[in-house]
Amino acid sequence: IEKLAPFNARLIFVGPRPYENLGPPLPSPQTYNSKLTAYRDVLRAEAERIEAPFIDLATLEPVVPDEVLQPSIGDGNEPSKLPTGLTSNGVHLTSSGYQTLAPAFATALGLDRVELSVVVNGDDIDAKGLSGITYAKSGNEIEVAGIPDQFPTLTTAGEGVPQTSLNLKVEGLPAGKYRVLGNGTPLRVLTQTELAKGAPVTIPADAKTHRTLLHAITTKNMMFFHRHRPQNETYLFLFRKHEQGNNAVEVPQFDPLVEDLDKQIYELCKPQPLKLTIQPVQ
């Protein structure tokens, strides 16, 4: 804490998540979990001392239950094996586990997601969670476009692409059925009564952008790992550096690669324009 103070960094303290009980041949985590409370108490006290946020993973939903759980599978779980834990070994979260716990972590930080909505009443538009709204009408066909204030989220662990969910309400339409399209993709067919009441619609994000973003994140993480924890550290920097120490100059060369990938991720994470089209079904 003292060494970070000159950087005016925002510190967030995170209390440990209890180990999951996955049953034999793994040992019961009960004794170890009881010891974790001492670490949790110290972290909480330090956070309070400097008035920093404290996130207790032990209390985030879903909390670790007492019963024996099935281990989590890396990118998803088989329904026949539920209920399941969020780890593969009782300790380390899998991809599915991180995705399950992430929303609760974000909420604990005060990053509640915005509920997007679009209300069309004649020429009046009331949109929440979107900016730069444009509106066009041709006969009974309506087009509303804008930029969401937040990035789309995955709705199914390890599957598909992120989706933007919003509530769409259109009043004053003539009787009949209407097709709702999101970015040109057909989403739902609704009656004018259903649209007047308001109906949820889900717009999938661009799959190519999603894959590019995931690749950039995993590549950046790998590059940072090699920079932070290079292989053969003993040969590069320590008592055997007389053998391969000349290669140590390559380690800082990861820095510009990491920085460049960070910039790519920042750009790819910007919310993309969203267009809703409501057109009569002939």
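Trainee: Which element holds Q279, and what makes that element a strand?

Mentor: Q279 lies in strand β11, which covers residues 274-280. The name rests on DSSP runs, a strand being a run of E with at least two residues and a helix a run of H or I with at least four, both numbered from the N terminus. This is a predicted model, in which local features need pLDDT of at least 70 and side-chain atom pairs count only at pLDDT 80 or more, while totals for chains, interfaces and linings use all residues. Residues are numbered from 1 along each chain as its sequence is written, and side-chain values use heavy atoms, with hydrogens and water left out.

Trainee: What does Q279 touch, and how do you know that these are contacts?

Mentor: Leaving out residues up to four places away in sequence, Q279 touches E141, K177, Y178, R179 and L181; each is called a contact because heavy atoms lie within 4.5 Å. As for V119, which is 160 residues from Q279 along the chain, the two C-alpha atoms are separated by 16 Å.

Trainee: Is A145 buried or exposed, and how do you know that?

Mentor: The relative accessibility of A145 is 18%. Buried means under 20% relative accessible area, exposed over 50%, and partly exposed in between, computed with a 1.4 Å probe on protein chains only, and therefore A145 counts as buried. A145 lies in strand β6, where, apart from neighbours within four places in sequence, A145 is in contact with G132, I133, T134, L274 and K275.

Trainee: Why does N8 get its accessibility label?

Mentor: N8, in the segment before β1, has 71% relative accessibility and therefore counts as exposed. The C-alpha atoms of N8 and P25, 17 residues apart along the chain, are separated by 46 Å.

Trainee: What makes the interaction between Q150 and V114 a polar contact?

Mentor: A polar atom of the Q150 side chain lies 2.9 Å from the backbone oxygen of V114. A polar contact is a pair of N or O atoms within 3.5 Å; within protein, one must be able to donate a hydrogen and the other to accept it, and residues adjacent in sequence count only if both atoms are side-chain atoms. Q150 sits in the loop between β6 (141-148) and β7 (163-171) and, at 17% relative accessibility, is called buried. Beyond neighbours within four places in sequence, Q150 is in contact with R113, V114, L116 and P271.

Trainee: Where is N21, and which backbone atom does its side chain reach?

Mentor: N21 is in the loop between β1 and α1, and its side chain reaches the backbone nitrogen of G23 at 3.0 Å. N21 counts as buried, with 17% relative accessibility, and touches P29, D66, E67, V68 and L69, residues up to four places away not being counted. The loop between β1 (13-15) and α1 (30-49) also holds P25, which a cis peptide bond joins to P24, with omega about 5 degrees.

Trainee: Why is the packing of α4 and α7 given its name for direction?

Mentor: α4 and helix α7 (residues 254-268) pack at an angle of about 155 degrees with their axes 9 Å apart, where axes are lines fitted to C-alpha atoms, for helices over the stretch in contact, and angles run from 0 to 180 degrees between N-to-C directions. Angles under 35 degrees count as roughly parallel, over 145 as roughly antiparallel, 65 to 115 as roughly perpendicular and the rest as oblique, and therefore α4 is roughly antiparallel to α7. By class, their contact has eleven nonpolar, four polar and four charged residues, where Ala, Val, Leu, Ile, Met, Phe, Trp, Tyr, Cys and Pro count as nonpolar, Asp, Glu, Lys and Arg as charged, and the others, Gly among them, as polar.
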